[in-house]
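User: Hello! I am new to this structure and would like to learn how to read it. Could you walk me through its features?

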Amino acid sequence: MDMSTSLYDMSVANYLQTVTAVAGYLDKGLAFCTEKNIDPSEIVESRMVADMLPFRFQVVSVAHHSLGAVEGLKKGVFAPPGQTSPLDYRALQKLIADTLEALQRVSPAEINALKGRDVTFQMRDRQIPFTAENFVLSFSLPNFYFHATTAYDILRSKGVPLGKRDFLGRLRLKN
């Protein structure tokens, strides 16, 4: 029995599932704000704790650790996101929609061709070497899920009615 998983399956397929879920819970968050007459900017700047980066950073990081990770795989270098202007709630939704659209255009052959390739995480003077697979499994996915979970948790802490199914998104079931 062959239990191999392609680089595309371990990366882009996971990104697509969760980015789609993030888009869904962002929609539910905005609907909640509208229904409860809450200014969505209150959500955008919300944090779980004072020393944690705000909701907007978490959403930007979901995009960066998915589509940005794909770009890093292709270039062989991945770095933290550069300074971006603060985004409002609708701009965060657009960022996630654009990320999803771009990920949907990535082909399995394009990503699978990068198997075994060197990828370096670069932050200032520090460089951390990975293979493409280890970059995805030990760095990209953990960061991606951390930020997707934190964004979800901030919405939940504000009262947005979300459940585990909202976080999981559409499961990839056996055909």
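Analyst: Here is a short tour, with the general idea ahead of each case. This is a predicted model, in which local features need pLDDT of at least 70 and side-chain atom pairs count only at pLDDT 80 or more, while totals for chains, interfaces and linings use all residues. Residues are numbered from 1 along each chain as its sequence is written, and side-chain values use heavy atoms, with hydrogens and water left out.

User: Let's start with the sheet. In what order do the strands lie?

Analyst: Helices (H or I, at least four residues) and strands (E, at least two) are DSSP runs, numbered from the N terminus. Two strands pair if DSSP finds at least two bridges between them. Here three strands form an open sheet in the order S1-S2-S3, with mixed pairing. S1 and S3 stand at the edges with a single partner strand each, so one side of each is left without a neighbour in the sheet.

User: Which way do the neighbouring strands run?

Analyst: Strand S1 (residues 77-78) and strand S2 (residues 118-123) run parallel and are joined by two bridges. Val77 stands opposite Thr120, and Phe78 faces Phe121. S2 and strand S3 (residues 126-131), in contrast, pair in the antiparallel sense over six bridges. Asp118, for instance, has Thr131 of S3 as its bridge partner. The hairpin of S2 and S3 has two residues between the strands, and Arg124 takes a positive phi near 55° there.

User: What lies across the sheet?

Analyst: Axes are lines fitted to C-alpha atoms, for helices over the stretch in contact, and angles run from 0 to 180 degrees between N-to-C directions. Contact means heavy atoms within 4.5 Å. Helix H8 (residues 132-157) lies across S1, S2 and S3, and runs at about 110° to S3.

User: How should I read burial? Take Phe121: is Phe121 buried or exposed?

Analyst: Buried means under 20% relative accessible area, exposed over 50%, and partly exposed in between (1.4 Å probe, protein chains only). Phe121, found in strand S2, counts as buried because its relative accessibility is 10%. Leaving aside neighbours within four places in sequence, Phe121 has contacts that include Phe78, Ile128, Phe130 and Phe139. The C-alpha atoms of Phe121 and Gly76 are separated by 8.7 Å, though the two are 45 residues apart along the chain.

User: And which residues of helix H4 are buried?

Analyst: Helix H4 (residues 55-64) is mostly covered, with eight of its ten residues buried. Among them are Phe55, Val59, Val60 and His64. The cover over the buried residues includes helix H2 (12-36), helix H5 (67-75), S1 and H8.

User: What about a residue in a loop, such as Ser11?

Analyst: Ser11 is found in the loop between helix H1 (7-10) and H2. Ser11 counts as buried because its relative accessibility is 0%. Beyond its neighbours within four places in sequence, Ser11 is in contact with Ile111 and Val136.

User: How many salt bridges are there?

Analyst: A salt bridge is a side-chain nitrogen of Lys or Arg within 4 Å of a carboxyl oxygen of Asp or Glu. By this rule the count is six. One of them joins Glu110 and Lys74, whose closest N and O atoms are 2.7 Å apart. This pair links distant parts of the chain, as Glu110 is in helix H7 (residues 108-112) and Lys74 in helix H5, 36 residues apart. Glu110 is partly exposed at 33% relative accessible area, and Lys74 is partly exposed at 35%.

User: Last one: which residues make the nonpolar surface patch?

Analyst: Patches are made of residues with over 30% relative accessible area and no salt bridge; like charges are joined within 9 Å, and nonpolar side chains (Val, Leu, Ile, Met, Phe, Trp, Tyr) within 5 Å. Accessible areas come from the Shrake-Rupley method with a 1.4 Å probe, and for residues only the protein chains shown count as cover. Here Leu168, Leu171 and Leu173 make a nonpolar patch of about 290 Å². Leu168 sits in helix H9 (residues 164-168) and is partly exposed, at 33% relative accessible area.
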